[in-house]
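Here is a short report on one protein chain. Take a look at the model first, then read on.

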Amino acid sequence: MLDVSGVSFADSTFLNLLLRIHHMTSLRIAGPPRQLRHLLEITGTDTVLDTRQNIQDALT
């Protein structure tokens, strides 16, 4: 589980890192802020990555 709620900037490099980790292991992304959610949506990776609204949801 990766808590990204404090991420204030995310670009293609960060997205690439998330995808690489996702391919190596099970990854849950917890609490993505609006900018990161938008990046995931416009790139289509929101359908690939397991994203949860908050840490509590990611732990279940």
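A salt bridge here is a side-chain nitrogen of Lys or Arg within 4 Å of a carboxyl oxygen of Asp or Glu. By that rule, R28, D50 and R52 are linked in a network of salt bridges. The model is predicted.

## Overall layout

Start with the elements. The chain holds three helices and three strands. Read from the N terminus, they run β-α-β-α-β-α.

Next, the dimensions. The C-alpha trace spans about 30 × 25 × 15 Å along its principal axes. The chain has 60 residues and a radius of gyration of 10 Å, which agrees with the value near 10 Å for a compact globule of that length.

## Contacts, burial and surface

How much of the contact total with a separation of 6 or more comes from residues 24 or more positions apart? Such pairs account for 64% of those contacts in the chain.

Buried residues make up 27% of the 60 residues. The chain exposes about 4100 Å². Carbon and sulfur atoms supply 53% of that area.

## Charges and salt bridges

The chain carries 5 positive and 6 negative charges. Their mean positions are 2 Å apart. The count of salt bridges comes to two.

One of them joins R28 and D50, with the closest N and O atoms 3.5 Å apart. This pair links distant parts of the chain: R28 sits in strand β2 (residues 28–30), and D50 sits in strand β3 (residues 50–52). The two residues are 22 residues apart. D50 also forms a salt bridge with R52, and here the closest N and O atoms are 2.8 Å apart.

The reasoning needs two cut-offs: buried means under 20% and exposed means over 50%.

## A proline in a loop

Where is P33 found? P33 lies in the loop between β2 and α2 (34–43). Its relative accessible area is 21%, so P33 is partly exposed.

Which residues does P33 touch, beyond those up to four places away in sequence? P33 touches V4, S5 and V7. The C-alpha atoms of P33 and M1 are separated by 16 Å, and the two residues are 32 residues apart along the chain.

H22 has its place in helix α1 (residues 12–24). With a relative accessible area of 25%, H22 is partly exposed.

What is H22 in contact with, leaving aside its neighbours within four places in sequence? The contacts of H22 are L27, V48 and L49. S8 gives another reference point. H22 and S8 are 14 residues apart along the chain, and their C-alpha atoms are separated by 21 Å.

## In brief

R28 in strand β2 and D50 in strand β3 form a pair that links distant parts of the chain. R52 joins R28 and D50 in the network of salt bridges.

Key
Residues are numbered from 1 along each chain as its sequence is written. This is a predicted model: local features need pLDDT of at least 70, side-chain atom pairs count only at pLDDT 80 or more; totals for chains, interfaces and linings use all residues. Side-chain values use heavy atoms; hydrogens and water are left out. Helices (H or I, at least four residues) and strands (E, at least two) are DSSP runs, numbered from the N terminus. The radius of gyration is taken over C-alpha atoms; the globule rule is 2.2 Å times the number of residues to the power 0.38. Buried means under 20% relative accessible area, exposed over 50%, partly exposed in between (1.4 Å probe, protein chains only). Contact means heavy atoms within 4.5 Å. Accessible areas come from the Shrake-Rupley method with a 1.4 Å probe; for residues, only the protein chains shown count as cover. Lys and Arg count as positive and Asp and Glu as negative; His and the chain ends are not counted. The place of a charge is taken as NZ of Lys, CZ of Arg, CG of Asp or CD of Glu.
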